[in-house]
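These are my notebook entries on a structure that I am reading for the first time. I set down what I looked up, entry by entry.

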Amino acid sequence: MHLTLHEQERLMIRITADLVERRLIEDPTLELNYPEVMALFSAYVLEAARHDWKTVAELMDTNLSDVAQRLQDRLTKLNTGITLPGPPGTPTLKIMPGVREMITDVQVEATFKDGTKLVTIPEPLKAEDPMTDYPGKQELLPNEDQYAVVYNTDDQGDPLPAEDLWVKNTADRPIQVGSHFHLADVNAHLKFFVDQTCAQEANVRGKRLHIPAGTSERIDPTTPCRVRVVPVQGAKLVKGLRAGKSPNAPAGSPLDPDVSR
């Protein structure tokens with residue numbers, strides 16, 4: 001039997017979902033990782049389309065409780081005696097910290113009775129609480145001054161050296177910059193200067209915003225504004241952003257751009 005790449009992919013999804021189900025039989029409270037959650041959602045959509053349980057519109061509203069309920073029904077039908085955690089009649093699945101923020105949507109090309117269609121599930125793990133917890137995020141108390149809180153410290157717990165710069169957004173719309181984004185890699189419309197006159201550009205290589213982890217700074221267009229920056233810590237390597245803009249590795253290191261290869 002010859003399978004196309006698309007058919008092989010569907011088969012791998014089904015096998016992975018079956019493996020996750022076996023793991024949950026061993027431990028119903030197991031915290032699922034990213035591939036396991038994606039496999040369960042994808043398999044749910046594929047099976048629902050194949051058996052004509054739901055329409056495309058209905059599948060777009062799929063959430064974690066739907067997947068958990070379907071899995072609980074399968075476990076009950078197989079007489080496993082396994083009960084997933086959660087209130088009576090409302091089974092749920094436990095997820096590793098950080099996975100919820102990794103899955104912004106799930107897209108599955110499923111075969112329905114009237115043909116193959118792309119099913120997109122937006123924010124399938126969206127938290128009911130709007131104050132979603134992101135890995136490393138620091139929540140400030142109401143009316144708490146972010147500069148009154150000690151954060152962005154070194155390995156000894158001492159505050160990182162901070163400096164004030166001025167930034168000008170030359171675009172026609174606001175630009176949002178995250179707490180740990182390397183400033184030399186940000187949108188090219190953001191220009192950093194040493195003072196309010198904006199006469200001399202500042203070197204922001206190896207620096208990031210001095211704001212609490214998990215937060216961001218909104219830079220509005222035209223009018224320059226002041227920002228506080230701190231140096232990037234660790235090995236000072238920022239990969240996967242704009243080529244040639246990552247901070248230097250320690251001097252003399254094979255990864256140091258100044259060292260000839």
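Entry one, a loop residue. I began with Asp52, which I found in the loop between helix H2 (34-50) and helix H3 (56-59); helices here are DSSP runs of H or I with at least four residues, strands are runs of E with at least two, and both are numbered from the N terminus. Asp52 has a positive phi of about 60° although it is not a glycine.

Entry two, what I am working with. I note that this is a predicted model, in which local features need pLDDT of at least 70 and side-chain atom pairs count only at pLDDT 80 or more, while totals for chains, interfaces and linings use all residues. Residues are numbered from 1 along each chain as its sequence is written, and side-chain values use heavy atoms, with hydrogens and water left out.

I turned to Asn79, whose place is in the loop between H4 and helix H5 (99-102). Asn79 has a positive phi of about 55°, although it is not a glycine, and it counts as exposed because its relative accessibility is 69%.

Leaving out residues up to four places away in sequence, Gln72 touches Ile82, Thr83, Leu84 and Pro91, a contact being heavy atoms within 4.5 Å.

Entry five, a helix pair. I then looked up how helix H1 (residues 5-26) packs with helix H4 (residues 64-77), and found an angle of about 70° with the axes 12 Å apart; axes are lines fitted to C-alpha atoms, for helices over the stretch in contact, and angles run from 0 to 180 degrees between N-to-C directions. H1 is therefore roughly perpendicular to H4, a term for angles of 65 to 115 degrees. The contact is made by Asp18, Glu21, Leu24 and Ile25 of H1, and by Leu71, Arg74 and Leu75 of H4.

I recorded 5 helices and 8 strands, which follow the pattern α-α-α-α-α-β-β-β-β-β-β-β-β along the sequence. Of the 261 residues in the protein, 33% are buried.

How values were computed
Angles under 35 degrees count as roughly parallel, over 145 as roughly antiparallel, 65 to 115 as roughly perpendicular and the rest as oblique. Buried means under 20% relative accessible area, exposed over 50%, partly exposed in between (1.4 Å probe, protein chains only).
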